[in-house]
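Dear colleague,

Here is the structure you are taking over, with its sequence. My notes on what was found follow below it.

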Amino acid sequence: MLEEIVEDIKSLIDPVIWITDGRFTSSELKLFDDARQLYELQLAKLEFLRFGEDLKEFVRRTAYFEEILGKKSWHYFISGVKGKGQIGHTNQYMTHWFYPYKGKFHGQMIKALINFVEAKKGDLILDPYLGSGTTLIESSLLGINGYGVEINPALAIVSQIKLDSLKINYEEISTEVDFSKVYKIFEYFSSLKIPKNSIKPTIEDCLTAKELLEMLWDRFFPSSFLHDLPFEWRNFLLLIYLHALSDYTYLSGTKKGKSLQQFFFDNFKEYMETIRGCWNVINRLGIELGDYEILIGSALDLKLKDESVKGIVTSPPYSIALDYIKNDEHLLNYLGVDIGELRNHMIGLKGRGKDRLVLYERDLRRSIEEMFRVLEPNGWAIIVLGDISINGSRTNFNRKIIEWSKDIGFEDAWQLERAILGGFAKLRFEYLIFLQK
Ligand SMILES: C[S@@+](CC[C@H](N)C(=O)[O-])C[C@H]1O[C@@H](n2cnc3c(N)ncnc32)[C@H](O)[C@@H]1O
C-alpha cells in the first residue's frame, strides 16, 4: 500500500514530465540529483525549450541534465573537474575556482542562461560586469565568443588568466614546471614590488586585460627565468600567487591559517591538478573553445557598436551592500592599482550616505540603457541581481529594472526568483531578470 502511494507520488511530481511537457520521464532524462530548487527546474525547462528538439545538441549544451537517453551530458564531465569549495555540479569546476573572489555566480546557472539566449558558435555574448569571468568561461566552454567589461583591472586580469588557463597543455607544463621550481617561483613573486597607483582603470583608452598583463611583465616584473616560459604559463603562476595572497589574508589567525609560502605550495599542486583535468576533459570531449576579449572599462559606456551582441548575461553589484574594493584590497595593492581612481568609477561605491543609493540607481539604469543599445533586435539581456535589505527594508531594484525596461524600449520583461539558502540575512532573494529587445 505504502509502496504504491510512494510510486504514485513519484510519478505525480516527476519534474522531467513537467520540464519536457510530457515527452520524457526521469527514467529517460536524468536531472543532476542536486538540481531540485524551483529556479533550477525552471531553467532546465527553458533550456529544454531551446534544445529539446535536438537531443544530440542537448547532450553538449545542457546544464541541468546528467544523462539523456543513457548518454552522459558534457556538463557531467566538465563539472567532474572538481575545484575547491565546489557544491555538486553547480560551481567552482574547471578553472572557476581559481582565485577566491567573493561575488562569483554559479557556472551551471550561467550555462543555462546562455542556452536560453540561444547563442550558437560564432555568436557574441556580453558580460559588462565581468567580475571573475564566470560568463566568459561558460561561453568559451560552449564554443561561443565572449566579450567582458570590468572596471577593476585586477579582476580583469584574474578573468583573463582563468580563461587562458583552459588552454594550457598539461603535459608540457608539468614537464617544465615541476615542484622543484616552486620555491624559486614563490620567491620571485613575493619579492616583487609594483609601485603604488601604477595601474588605473582605463575608461577612455580601452586597454584589454591581455595588454595590461603584457605591460605588467614588460614594465614591472624584473627579468628572470620566468620570462623564458610562455606568457600563459607565467600568468597562471602569478594567479597561484594571487590566490595564495588572498588565502593568507583571509585565513591567517584561523584554524586553516598557514604561511604564505605554504599556501602557494599547496595551491600550486591543486592548480596543476585542475589543469590536468581541464586538458583531459577538453580533449576527450573535443571542445573547441570560444574566443574572448576582456576590456578594462565601464559598463556605463560600452565600446561596442549598436546591435552588435547576441545576448547579455550579467550581474551588476548588488546595490551599495558589498565593498568590492575592501574585499580585494590585498590584490589591488599587490598589483599597484590606483584604488581612489577605481572607487570613482565603480557603481555602488560612488558618493556618501544617502547619495550613494541615488547614484547607484542612476548608474544601474544608465548601464541597462547601454545594454539595450548594443543588443541585437529580439536579443535577451539577463540580469542577475540580489535584493539587498538596507536598514531592514528591501531595495527592490529588480522591480525597478522591470519598470524602467518599458521606457528604455524592451518589449518583454519578467523574472525568476532564487531563494538564497544560508545565513546572509541581508540577501534573501536573487532575481534573474529577463529583458527582451
Ligand atoms: C556582482 S560582481 C560580478 C561577478 C561576476 N558575475 C562573477 O561571476 O565573478 C559585479 C562586478 O561589477 C564590477 N563593476 C562595478 N562598477 C563597474 C562599472 N562601472 N563598469 C564595469 N564593471 C563594474 C565590479 O568590480 C564587480 O566585479
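Three strands form an open sheet in the order β1-β2-β3, and their pairing is antiparallel. Its edge strands are β1 (29-31) and β3 (71-72), each of which pairs on one side only. Between β2 (residues 65-68) and β3 there are two bridges in the antiparallel sense, and Glu67 stands opposite Lys72 of β3. Please keep in mind that this is a predicted model.

β5 covers residues 145-150, and six of its six residues are buried. Which residues lie on each face of β5? On one side are Asn145, Tyr147 and Val149, and on the other Gly146, Gly148 and Glu150; all of them are buried, so both faces count as covered. Strand β4 (residues 124-127) pairs with β5 in the parallel sense over four bridges, and Leu124 stands opposite Asn145 of β5. To get from β4 to β5 the chain passes through helix α7 (residues 134-141), and this β-α-β crossover is right-handed. β5 also pairs with strand β6 (residues 292-296), again in the parallel sense, over five bridges. Here Tyr147 has Glu293 of β6 as its bridge partner.

On the ligand: how many residues surround it? The number is 24, and the closest are Tyr129, Gly131, Ser132, Thr134 and Ala299. Sorted by class, the shell around the ligand has 14 nonpolar, eight polar and two charged residues.

Last, the chain as a whole. It has 18 helices and 11 strands. The radius of gyration is 22 Å, close to the 22 Å that the globule rule gives for 437 residues, so the chain is as compact as a globular protein of that length. The C-alpha trace spans about 70 × 50 × 45 Å along its principal axes. Of the 437 residues, 45% count as buried. Among contacts in the chain with a separation of 6 or more, 71% are between residues 24 or more positions apart.

Regards

Conventions
Residues are numbered from 1 along each chain as its sequence is written. This is a predicted model: local features need pLDDT of at least 70, side-chain atom pairs count only at pLDDT 80 or more; totals for chains, interfaces and linings use all residues. A residue is buried if 20 or more other C-beta atoms lie within 10 Å of its own, exposed if 12 or fewer, and partly exposed in between; C-beta atoms are placed from the backbone. Two strands pair if DSSP finds at least two bridges between them. A crossover is right-handed if, with the strands pointing away from the viewer, the path from the first strand over the helix to the second runs clockwise. The radius of gyration is taken over C-alpha atoms; the globule rule is 2.2 Å times the number of residues to the power 0.38. Two residues are in contact if their C-beta atoms, placed from the backbone, lie within 7 Å. A residue is near a molecule or strand if its C-beta atom, placed from the backbone, lies within 6 Å of it. Ala, Val, Leu, Ile, Met, Phe, Trp, Tyr, Cys and Pro count as nonpolar, Asp, Glu, Lys and Arg as charged, and the others, Gly among them, as polar.
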